[in-house]
Amino acid sequence: MNLVNSDVKTPKAISAFSKESALCALESIKYPAVIKPTIGSWGRLVALLHDKDAARAVLEDREQMYPLYHIFYLEEFINRPPRDIRAIVIGNEVVAAIYRYSSEGDWKTNMALGGRAEKCPITNELEDLCLKATKAVGGMIVGVDLMESREQGLMVHEVNNTTEFKNTVKTTEIDIPGLMVDYLSQLGK
Ligand SMILES: Nc1ncnc2c1ncn2[C@@H]1O[C@H](COP(=O)(O)OP(=O)(O)O)[C@@H](O)[C@H]1O
Ligand SMILES: [Mg+2]
């Protein structure tokens, strides 16, 4: 199962294994595009590629890094408001969701980069997408990241295992760690 087979919209993405094939993939993704590490968090090494020159420079730098960073994960840039959504799923339930607004002058919305959190209503559409995305990856407790594409609607760009929840608890006042423990303790019964 994957997101697309599960009827969950996700940004168009291509993986490439050389600078040349990455540049070729970017011609079909189109600029601006986003490059991401295959493993990472807090927005680290997620970079915006405005044009071919910027792409060449970033790809060249990554070629000097540890081999894991030679897997180039490239994604279409989603035209969206300056925020995304983080929803916490525990079992079959979306227990809390926040909007994450990027800080002044940044395009990434990660809390670790100084983003601001606001409570987000859990609509039927949000709930449905989050549960489908969780099922698609076989998740039990996950943080689903979504963007509100101006052209394509709500889409999922990341499903986080070992999700952080400090700011979600502060903003929504939902006892996420308590719900996690309750969920886990009834699993073996
Ligand atoms: N395709 C995209 N288009 C626009 N913004 C994006 C895109 N992908 C990621 N972002 C922004 O960058 C942030 C970090 O990307 P993400 O894939 O969630 O990586 P991380 O695991 O580091 O959080 C997202 O929260 C979002 O604000
Ligand atoms: Mg993320």
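User: What should I know before I start?

Analyst: The model is predicted, so local features need pLDDT of at least 70 and side-chain atom pairs count only at pLDDT 80 or more, while totals for chains, interfaces and linings use all residues. Residues are numbered from 1 along each chain as its sequence is written, and chains are lettered from A and ligands numbered from 1 in the order in which they are written.

User: Which residues of α2 are buried?

Analyst: A residue is buried if 20 or more other C-beta atoms, placed from the backbone, lie within 10 Å of its own, exposed if 12 or fewer, and partly exposed in between. Helices (H or I, at least four residues) and strands (E, at least two) are DSSP runs, numbered from the N terminus. In α2 the buried residues are A55, L59 and R62. They lie on the same side of α2, because they cover an arc of only 60° around the axis, the arc being that of the directions from the helix axis to the C-beta atoms.

User: Why can spaced residues share a side?

Analyst: An α-helix has 3.6 residues a turn, so residues three or four places apart point the same way. The face of α2 turned away from the buried side carries the exposed residues D53, A57, E60 and D61.

User: What covers the buried residues of α2?

Analyst: The cover includes α1 (19-29), β3 (47-49) and β4 (72-76). Contact means that two C-beta atoms, placed from the backbone, lie within 7 Å.

User: Which residues are closest to ligand 1?

Analyst: A residue is near a molecule if its C-beta atom, placed from the backbone, lies within 6 Å of it. Here 19 residues surround ligand 1, and the closest are P11, I78, K108, T109 and E158. The elements giving two or more residues to this shell are β2 (33-36) and β9 (153-160).

User: Where is K108 placed, and is K108 buried or partly exposed?

Analyst: K108 sits in the loop between β6 (93-101) and β7 (116-119). With 19 other C-beta atoms within 10 Å, K108 is partly exposed. Beyond its neighbours within four places in sequence, K108 is in contact with G43, V46, S102 and L113.

User: What is there to read in the backbone?

Analyst: Most residues other than glycine have a negative phi, and most peptide bonds are trans. In this model a cis peptide bond joins Y31 and P32, with omega about -5°; P32 lies in the loop between α1 and β2. Phi of L45 is positive, near 65°, and L45 is in the loop between β2 and β3.
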